[in-house]
Amino acid sequence: MHDAQSFSATATSFNQTLSLLKGLPFDMAREQYAKAVQVGFIQRSMLGWARFERHIDLLEKVTLGPWARRV
């Protein structure tokens, strides 16, 4: 029984790691946008950020399909 619990915990951990890795390019895009705003390349705007976030979220869903993260 202990082996089954250990396997289940390992599988869950592995799935969480994969989820983070799949989302990494999209998180990097969000970070780059934030850095561009900080240095002044992009105008600071809540509406601009919301538009960018919608596009990135859509791109993630189209690219990863059922493996895309859900909020």
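Two residues are in contact when heavy atoms of theirs lie within 4.5 Å. The exercises below apply to a predicted model.

**Exercise 1.** Determine which residues alanine 68 contacts, leaving aside its neighbours within four places in sequence.

*Solution.* Step 1: set aside the neighbours of alanine 68 within four places in sequence. Step 2: the contacts that are then listed for alanine 68 are Glu60 and Lys61. Step 3: Ala68 also belongs to the largest nonpolar core, together with Phe26, Tyr33, Val37, Phe52, Ile56 and Leu64. Helices α1 (2-39) and α2 (46-64) each supply at least two residues of this core.

**Exercise 2.** Decide whether isoleucine 56 is buried or exposed, and identify what it touches.

*Solution.* Step 1: locate isoleucine 56, which is found in helix α2. Step 2: buried means under 20% relative accessible area; isoleucine 56 has 9% relative accessibility and therefore counts as buried. Step 3: not counting residues up to four places away in sequence, isoleucine 56 touches Phe26, Ala29 and Arg30. Step 4: take phenylalanine 26 from this group; it is 30 residues from isoleucine 56 in sequence, while their C-alpha atoms are 6.6 Å apart.

**Exercise 3.** Describe the overall form of the protein chain from its secondary structure, radius of gyration and box.

*Solution.* Step 1: the secondary structure comprises two helices and zero strands. Step 2: the radius of gyration is 17 Å, whereas a compact globule of 71 residues would have one near 11 Å. Step 3: along the principal axes, the C-alpha atoms fill a box of roughly 55 × 25 × 15 Å. Step 4: of the 71 residues, 17% are buried.

Note on methods:
Residues are numbered from 1 along each chain as its sequence is written. This is a predicted model: local features need pLDDT of at least 70, side-chain atom pairs count only at pLDDT 80 or more; totals for chains, interfaces and linings use all residues. Side-chain values use heavy atoms; hydrogens and water are left out. A nonpolar core is a set of buried Ala, Val, Leu, Ile, Met, Phe, Trp, Tyr and Cys residues joined through side-chain atoms within 4.5 Å. Buried means under 20% relative accessible area, exposed over 50%, partly exposed in between (1.4 Å probe, protein chains only). Helices (H or I, at least four residues) and strands (E, at least two) are DSSP runs, numbered from the N terminus. The radius of gyration is taken over C-alpha atoms; the globule rule is 2.2 Å times the number of residues to the power 0.38.
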